[in-house]
Amino acid sequence: MQLLITLIGLLALLALAMALKIVKQYEKGVLFRLGRLAGTRAPGLRTIIPVVDVLHRVSLRIVTMPIQSQGIITRDNVSVDVSAVAYFRVVDAVKSVVAIENVHAATNQIAQTTLRKVVGQHTLDETLSGTDRINLDIREILDVATAEWGVEVTLVELKDIQLPDSMKRAMAGQAEAERDKRAKIINAEGESLAAAALGDASDTMMAHPLALQLRNLQSLVEIGVDKNTTVVFPAPLMSTIGELGSFLSRESAAAAAEPTPVDFAKPGRKPAPNNRPGAVPHPA
């Protein structure tokens with residue numbers, strides 16, 4: 001008798017344990033009674049009828065789902081390997097249990113096929129530069145396809161794009177050529193601006209000849225900053241120095257050839273004797 005009471009107590013405890021279910025805050029319970037849908041259960045401690053009821057707990061949190069790398073041929077016949085990541089969550093717990101067997105596996109498979117379909121409709125340049133548009137297209141297609149399963153796709157991002165080695169070399173050559181083109185254009189624009197500035201400077205120096213001499217002197221000052229320098233005089237400066245030397249020489253010769261004047265008004269000064277024949281001597 002005691003054994004029977006103990007057995008009944010154990011069965012009662014087992015039935016109670018089977019009847020009590022805990023639904024977590026981020027979950028929602030879907031209850032089936034005798035195989036028929038009996039509604040949902042909110043988070044908390046819930047009771048069910050053992051053996052008769054079956055409670056499926058569905059997580060409502062956002063799921064991070066990596067989309068494995070896919071070998072895709074773009075519209076311009078370039079083979080690329082593209083991988084992505086998708087974020088989705090269950091918004092209707094009943095549909096996610098009733099409408100499909102395994103919502104996670106189904107979402108993963110349709111994400112792979114959608115990725116292949118969308119990327120294949122774009123060229124390589126569009127795939128590399130228009131990732132935002134591709135991400136939006138994939139998300140919209142997945143959102144429509146998974147709506148019947150009670151799933152909402154919140155975000156899709158392309159994670160990696162692998163190119164063939166030959167295509168990498170070709171793109172590197174193209175980028176290098178583009179950089180060389182920009183460098184040559186910038187250099188040509190600089191030369192054009194410099195030539196225009198030099199033309200304006202030459203016009204100014206022609207209008208003001210002294211400006212050229214001042215510029216020559218400034219160049220000499222800049223060259224003479226270093227102690228061990230070789231000064232090269234520009235031709236205009238050398239001609240100016242030569243002309244100045246010629247002028248000084250002429251002035252010195254003229255000063256030496258001019259006679260010294262005699263002042264007869266000073267007392268004690270006698271006139272120079274006149275030795276010419278027939279000349280009359282000047283009285284003292």
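Predicted model: local features only at pLDDT ≥ 70, side-chain atom pairs only at ≥ 80, totals over all residues.
## Salt bridges along one chain

Glu178, Lys181 and Arg182 are linked in a network of salt bridges, a salt bridge being a side-chain nitrogen of Lys or Arg within 4 Å of a carboxyl oxygen of Asp or Glu. Residues are numbered from 1 along each chain as its sequence is written, and side-chain values use heavy atoms, with hydrogens and water left out.

Within it, Glu178 and Arg182 pair up with 3.9 Å between N and O. Both residues sit in helix 6 (residues 165-207), 4 residues apart, which is about one turn of the helix. Helices here are DSSP runs of H or I with at least four residues, strands are runs of E with at least two, and both are numbered from the N terminus. How covered up are these two? Glu178 is partly exposed at 34% relative accessibility, and Arg182 is partly exposed too, at 42%. The labels work like this: buried is under 20% relative accessible area, exposed is over 50%, and partly exposed is in between, using a 1.4 Å probe and protein chains only.

Now zoom out. The protein chain has 8 helices and 8 strands. Of its 284 residues, 20% are buried. The chain exposes about 20300 Å², and carbon and sulfur atoms supply 60% of that area, as worked out by the Shrake-Rupley method with a 1.4 Å probe; for residues, only the protein chains shown count as cover. Take the contacts (heavy atoms within 4.5 Å) with a separation of 6 or more: residues 24 or more positions apart account for 61% of them.

Side chains of opposite charge can pair when their charged atoms come close. Searching the whole structure turns up 7 salt bridges. Asp137 counts as buried, at 16% relative accessibility.

The strands have a salt bridge as well. Asp53 forms one with Arg33, and their closest N and O atoms are 2.7 Å apart. This pair links distant parts of the chain, with Asp53 in strand 5 (residues 53-59) and Arg33 in strand 2 (residues 27-33), 20 residues apart. Asp53 is buried, with a relative accessible area of 5%, whereas Arg33 is partly exposed at 37%.

What else does Arg33 touch? Leaving out residues up to four places away in sequence, Arg33 touches Ala38, Ile49, Val52 and Asp53. As for Ile48, 15 residues along the chain from Arg33, the two C-alpha atoms are separated by 9.1 Å.

The charged end of Arg61 sits over the ring of Tyr26, 3.8 Å from the ring centre. That label requires NZ of Lys or CZ of Arg within 6 Å of the ring centre and within 35 degrees of the ring normal.
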